[in-house]
Every structure is written in C-alpha cells, then in structure tokens.
Amino acid sequence: MAPARKRNVSSGKITEKRAKKPKADLSRSVERVLESRKHANDVFDILECLQAEQEKDVMSAVSACSKLFCTLLERKELFIGKLPGEEDAVSGGYSAQDKYRIFMRHRYNSCVEILLENLSHEQYDIKESGLCCLMKFAAGEGQHPLEELDWSEHYSFPRELIQALVENLLSKTTDNSLLISRFQEFLEMEDVRYYVMSSIRGNVGKVMDKNKGAVLPVYQNNVFTLMSSISMPSQESELTNFMVKQEAKHEGWKAAKLNEHKRVFERMWLGFLKYKLPSTMYKKVLVILHDSILPFMSKPTLMIDFLTAAYEIGGAISLLALNGLFVLIHQHNLDYPDFYKKLYNLLEPCVFHVKYRARFFHLANLFLSSSHLPVYLVAAFAKRLARLALTAPPTALLIVLPFIYNLIRRHPSCRVLVHKPSAENEPLEDPYLMDEEDPAQCRALESSLWEIKTLQKHYHPDVAKAAMLINTPLSEQEDDISETLEIATYELMERDLKQPELKNIPLEFETATQLLKGGGDVLGQHFCLA
C-alpha cells in the first residue's frame, strides 16, 4: 500500500464548519459504514476527527479507523491492485462494487497518510496510538494483500507501508527516541525486522546523499536509536515469530533466512557508518560495536575503514576504536601491525580524567595480557605509565601501580627496570624518550622505574603504601585491578574521612584480678610508704 501523495479526506460537499462528533457517534458511524454501503460517506466524519485539536477526539478517531479499515481488509472490500483515480472510477466502466472498493481504498490511503503525519504530533499518546494503528494495518495488509500477486515467487508483505513508517520515524527535526523505543516491540517479529533494516538502509542513502553527506544530528540520532534497537537472532532456529505467514512458500522467503538477515544488517550499518557522524555518535556506536554489531556481520573486517577513521579523531574515541580493532585482530585474523603503537600513543595525561578511564585500563590490561609480546614493548608501556603517574590523581595511581606490577609479573625480563645496576659516577639522566611515538625507539629498557620510588613519598597514604611494594619481591599472583577501576575521588575521600572504629587500648599484658580483693596488706604497705 503506497500512501497517497495528495490527501483526499473529504469531498467538496463537506464544509470546514462540520462539528466534531463525540466518541459514541464515531462508533456508531463505523457500525453504519460496515452495515451498509449507503452510509459510506460517514467515513469522512471519522477522518476529519483524525485531525482534530483535542487529544481525546483524535484518539477516538484512531480507534474507529482501526476497527473500520481492519474489518474492510478482512472482507476484501478495499480495491486490490493498481488504484485508479476517483474521477476515472466514476467515468470508467467499473461496477458499483468496484466503485465502492475504489472509494474506500482512497479513504484508507488518506487515513494512513494522516496517521503518518501524526507521528510528528506534539502529544506522545497520539503518536503512539497512530504507530500501533499503522502496525495493525500492516498486519492486515500482510494477511490480505492490496497488491495482485501475479507470480508464484512473490511474497506478500506491506513493504511500502513499512517503508513510509520508517521514513517518518527517522525525522530530521524531531527526536523520536521515545517513539522508537515503543516501536522496538514490533522489531521482535522477524519479517518486520528484516524489512525495517532494508528500509533504513535505503532511507539513509537517500537522505545523506541529498544533503551531500553533511552531519544531521537529529536525523542520525534517530537512525542510530532505531538501528541499535534491533536485536539480531544468533541461530536460524530462532526465526519463528512472523507477522505475515507465507504458508507453503515460507522456507524460500529471505526474511526467514538468518544469512539474509545478517547480510541486510551488515549493509544497513555500513551504509550508515560511511558518512560523517556527530562527534558524540562515534562513542555511542563504538561502545556497542563489539557486542551488538560485529558478531552479527557476515564480514566484520569491512568495519576497518570506520574504525580507522574513528581512531584518527583522538581521545576516548580512539580508545574505543582500538577495542573494535582488537576484536578484528583477535577473532577475525585482521592484520593491523600498528595496533600497539597506536595504543602506546594513547597514553597521555588526559587518559586519567576521561569518562572512559575504567574502560581504557580494562582494555589495556586485556591487550597486554599475552606473554608473547616483546620485552621492549612491555617495558615501554610500563615506563610511560610510570612517568605519567608523577602527575596523576590518587584514584588513577591506585590503578596504575598494580597495572605496572602485573606487567612485570607477566614478563620477568622487565625486572631489569626495577633492579637497575648503576656505577657510582654514572650521570643521573634518564635515557627514556617520552616524546618518541615508536615504543621500539623510546629506550625504555635502558631506563628504570625511579618514578615509583618517588611516589613512595606521595601525600596520600594508600598511594605511598602501594608504591612501597616495589621494594619487596613481587608475588607471582597478579593484582586484581577490577576493584579499583571504578573508584571515584569522592569515594576515596569518604573512605579517608570515615572515623575508624575505636578498639580497646591494651593497658598491660595480663589483666589484674587480685589488686583490690583481699589486698589489705598491700594497701596498708602502700599508705605506710606514703
């Protein structure tokens, strides 16, 4: 069903001053239209109420339209096939029954168009009711197609209605996040999800190309919200919930095949990510990339262009991009030789203050967990973190120090950074090159971790205590840094300011029990001496 380009809600006989009918009258109008064709013109009253100013009038009209046109679809009283114009229907050689069906089909198209416009209404309840009514129409069209299925390979599904619905959800001026969250319920149906993904892909290409790839924050946020609401099945056996049943032809339907879902899902995301995004959008995409996008793509390595472009932005976005790159390297054998060099260059003072600090160190710990990494690389990370620790806040130091200790535990060859032999007349100059971008050329192995020795004089006792551990042989068991990743400054202060519980003060080793019992002689001697 294609929404009519030009709405024809009322004929020339209906004036704008027609009074709005109450709910009871609308229900009666629906009954009259369904009872007899001679009351067909009552449909104009219902459609007129769809554009009323009062919310309750519109809600009543939506309910009436839902009952009326769903019933007409079931009765097959809407014209099927290419819809002729109303003037052609009057002048052409159509039977009275066909003229009625053509008339009602035009009213149905007008109703759909008004409901689509109501998706941009100020009142959320009106938008929600319109959305639910449109999905009822989609289900009705699926069971009773308005198109002529003229070949056996044709599958009945209201593609055009779903496409028009998606186009209105993806508004360029209105944030539809709440309405899209309501639409998520319908995305649990396999066929709806499949055709929605196809519609998103086509709409994004059309809109972005029309705007020459310019950033459209509201539109792109709506697109991302809708795409991120899609939950992909992991097995083909899970494809059981369909809005439209294809009966004998079901097995050959693309919407019933998991590989086709993955193909459309992949094209949808790649089509969206090839355009420039708002800066905040990169973070939103990268946070869900490794869990909600890559596992459901046919060729995850196609994301390399997006991830490389995201890394070039810098800051926390670069970190999140490296997370995606690591997944491609580790799970999909992507060759990316500069991965650790890029990670090394992300170690800047700002990393201790960004929102994703905990995620950064969690991922860095994962990236550097392999015991097969070259010693020079691990030493470079340990030395750079130690240097940055000199100006880091206490909350970050409680992460960095155990992190460095774990690196030394995994790679015993790095103990040379702790036990560095030196001559008496050796100049006190650190050979480490902090500004060197290549960890292989920074001369970390020629240096030492003197910065940790300096932190033993730190003003915060917990930091000083942690730095003291470098003076003793490190245990083989690694420190669990997960407990300190999320700690905030105010939590650390509250812990420090909390009054410790008072303990009993020991006065002597053995408690006196006989001092005042039967001790008259002792007391007398005491007073005599006095």
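## The whole chain

Start with a cartoon view: you'll see 23 helices and zero strands. This is a predicted model, so colour it by confidence next. The average pLDDT is 84, and 85% of the residues score at least 70. Of the elements, helix α10 (residues 217-228) has the highest mean pLDDT, at 96, while helix α23 (residues 520-529) has the lowest, at 46.

Now go to the start of the chain. Residues 1-7 have a pLDDT below 50, and beyond near neighbours in sequence this stretch makes 23 contacts in the model. Residues 10-19 are also below 50, with eight such contacts.

Switch to a surface. The protein exposes about 28,900 Å², and carbon and sulfur atoms supply 51% of that. Of the 530 residues, 47% count as buried.

## Stop one: a tucked-away asparagine

Select asparagine 176, in the loop between α7 (159-169) and α8 (177-183). Is asparagine 176 buried or exposed? Its relative accessible area is 1%, so it counts as buried. Show what touches it: leaving aside neighbours within four places in sequence, asparagine 176 contacts Leu119, Lys127, Asn168, Leu169, Ser171 and Asn222.

## Stop two: the rings

The whole structure holds 20 aromatic pairs. Pick phenylalanine 157 and tyrosine 195 to begin: their ring centres are 4.3 Å apart and their planes sit at 20°, so this pair is stacked. The two come from distant parts of the chain, 38 residues apart, with phenylalanine 157 in the loop between α6 (124-143) and α7 and tyrosine 195 in helix α9 (residues 190-210). Phenylalanine 157 is buried at 5% relative accessibility, and tyrosine 195 is buried at 10%.

For another geometry, select phenylalanine 265 and tryptophan 269. Here the ring centres are 6.4 Å apart and the planes meet at 65°, so the pair is edge-to-face. Both residues lie in helix α11 (residues 258-273), four residues apart, which is about one turn of the helix. Phenylalanine 265 and tryptophan 269 are both buried.

## Last stop: charges over rings

Which residue lies over the face of phenylalanine 103? Select arginine 107, and you'll find it 4.8 Å from the ring centre. Then move to tyrosine 344, where the charged end of arginine 384 sits over the ring, 4.8 Å from its centre.

Notes. Residues are numbered from 1 along each chain as its sequence is written. This is a predicted model: local features need pLDDT of at least 70, side-chain atom pairs count only at pLDDT 80 or more; totals for chains, interfaces and linings use all residues. Side-chain values use heavy atoms; hydrogens and water are left out. pLDDT is the predictor's confidence in each residue, from 0 to 100. Contact means heavy atoms within 4.5 Å. Buried means under 20% relative accessible area, exposed over 50%, partly exposed in between (1.4 Å probe, protein chains only). Accessible areas come from the Shrake-Rupley method with a 1.4 Å probe; for residues, only the protein chains shown count as cover. Rings of Phe, Tyr and Trp (its six-membered ring) pair if their centres lie within 6.5 Å; planes under 30 degrees apart count as stacked, over 60 as edge-to-face and the rest as tilted. A charge sits over a ring if NZ of Lys or CZ of Arg is within 6 Å of the ring centre and within 35 degrees of the ring normal.
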